[in-house]
Amino acid sequence: MKGEYYYRDYADRSRPQKSRRSLWGILLDLLVGVISVVTILAAVLTFLAPFVNPGRAWIFSILGLIAPAVYLATVIAALYWIIRWRWGWASVLLVLVVIGLWRVPLFLKPELRRTYGEPAYGRGTIGVMTYNVRGFYDEQGRNSADSVLRMIRETGPDIVCLQEFNGRLAGDRALLEAVLPGYGCAAGAPDPRAEETGSASALLICSRYPIIRSGDVVGKSGYERHGRSIWADLRIGDDTVRVFNNHLHSTAIKADDNAFITEHRFLSDTASDERIRSIVRRFRDNSILRAAQADTIARAVAASPYPQIVCGDFNDTPMSYVYRRMAGGLRDAFSVAGKGFSHTYRGFFNTLRIDYVLYADPPFEAIGYRVLTEIDYSDHHPVLVRLRKIAAG
């Protein structure tokens with residue numbers, strides 16, 4: 001009898017015991033479950049964002065804007081369910097994490113090997129810079145023309161694409177040659193809404209290589225042309241290369257709007273509802289217009305008889321319809337030669353990469369990419385890329 005008692009006691013204690021979950025554990029699982037459902041839906045829609053024209057569903061433009069945050073939330077949720085040994089949830093989220101890995105290089109390039117100083121690229125490489133100079137006024141309203149032009153001379157890129165360049169200065173070739181010696185320049189028409197906006201900004205392509213011809217990419221309507229694109233054919237060695245400089249329509253989110261969001265003023269502003277509706281309305285309308293501009297420019301780039309280098313301020317993220325159309329058939333210099341996390345816009349928590357250098361591969365390959373984050377003469381940072389021409393054959 002005593003032996004039977006000990007046998008039953010040992011058997012009961014050796015049998016796996018089902019752990020009792022606390023109330024807080026149950027509530028936490030329910031909360032993370034709800035968050036996981038929202039994250040899964042957001043991740044799927046985010047993956048679709050580059051393929052949906054905002055003219056059909058403009059909400060996808062917002063999803064493209066928050067894509068990195070959605071992906072990070074997906075990774076965190078997957079880790080939570082793995083720790084909790086809930087493989088039903090974890091497997092779904094892990095599938096989305098793996099799918100999203102293909103898009104990570106558009107935002108983040110891990111620096112596996114640290115380098116010190118400026119690398120020596122050698123002869124035969126092509127330096128390309130793109131920079132939105134904001135009409136030569138910094139965030140304090142001070143004129144930055146001398147600083148910008150001095151930075152270009154000191155950096156010494158072979159090709160310079162400038163957006164929001166002072167239109168009056170762009171039209172004075174003699175002055176341009178004096179302030180940028182060694183460069184030939186092709187300027188696009190000033191902003192067609194100059195009288196409405198008080199702006200006289202223009203697009204400018206300057207090159208150490210001979211400029212053979214140049215022109216404008218014209219949209220279907222005068223208003224669409226506000227997102228202007230210009231091109232210039234450059235003679236590089238024995239070859240001709242067509243360079244496009246683009247400034248697609250902005251989101252029309254002003255500095256005060258940016259502060260309203262990033263400084264959380266909407267939590268205390270009594271008129272926050274109307275302000276938010278205004279921001280959303282402008283974002284929607286301009287996303288639709290920017291998509292139409294991207295379609296027009298993409299057709300012009302595809303029709304080029306020469307290899308292309310496409311630069312500029314696209315005013316959209318790498319997970320957008322605009323980026324997919326503009327980058328169709330081209331390589332992104334950051335995704336090939338960049339390091340770490342890149343942002344080019346000085347605002348919105350320094351999270352947005354909206355200025356790009358794209359190129360045809362072949363005949364080019366990117367061997368260097370750098371955002372000059374120390375330059376604060378505008379609300380954008382300059383982007384400097386080093387390309388190497390691949391030998392034919």
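The largest nonpolar core in this predicted model has 28 residues, and Ile 159, Ile 309 and Leu 387 have the most contacts inside it. A nonpolar core here is a set of buried Ala, Val, Leu, Ile, Met, Phe, Trp, Tyr and Cys residues joined through side-chain atoms within 4.5 Å; buried means under 20% relative accessible area, exposed over 50%, and partly exposed in between, with a 1.4 Å probe and protein chains only. Take Leu 387: leaving aside neighbours within four places in sequence, Leu 387 is in contact with Thr 125, Ile 126, Val 128, Ile 309, Tyr 359, Phe 364, Glu 365 and Ala 366, where contact means heavy atoms within 4.5 Å. A second, separate core of 22 residues includes Tyr 131, Leu 149, Val 160 and Leu 162.

A word on the ground rules. This is a predicted model, in which local features need pLDDT of at least 70 and side-chain atom pairs count only at pLDDT 80 or more, while totals for chains, interfaces and linings use all residues. Residues are numbered from 1 along each chain as its sequence is written, and side-chain values use heavy atoms, with hydrogens and water left out.

Zooming out, the protein chain has 13 helices and 14 strands; helices (H or I, at least four residues) and strands (E, at least two) are DSSP runs, numbered from the N terminus. Of the 393 residues in the chain, 47% are buried. Among contacts with a separation of 6 or more, 73% come from residues 24 or more positions apart.

Inside it, strand 3 (residues 159-166) and strand 5 (residues 201-207) run antiparallel and are joined by 6 bridges, with Leu 162 finding its bridge partner in Leu 204 of strand 5.

Strand 6 runs antiparallel to strand 7 over 6 bridges, and Ile 211 stands opposite Leu 234 in strand 7. On to strand 8 (residues 239-247), which pairs in the antiparallel sense with strand 7 (residues 229-236) over 8 bridges. Here Ala 232 is bridged to Val 243, and Arg 235 to Thr 240. These two strands form a hairpin with 2 residues between them, and Gly 237 in the turn has a positive phi of about 65°. Strand 7 is mostly covered, with 7 of its 8 residues buried.

Finally, a helix pair. The axes of helix 2 (residues 23-48) and helix 5 (residues 87-100) come within 11 Å and cross at roughly 30°; axes are lines fitted to C-alpha atoms, for helices over the stretch in contact, and angles run from 0 to 180 degrees between N-to-C directions. That makes helix 2 roughly parallel to helix 5, a label for angles under 35 degrees, with over 145 counting as roughly antiparallel, 65 to 115 as roughly perpendicular and the rest as oblique. Helix 2 contributes Gly 33, Ser 36, Val 37, Ile 40, Ala 43, Val 44 and Phe 47 to the contact, and helix 5 contributes Trp 89, Val 92, Leu 93, Leu 96, Ile 99 and Gly 100.

Key
Two strands pair if DSSP finds at least two bridges between them.
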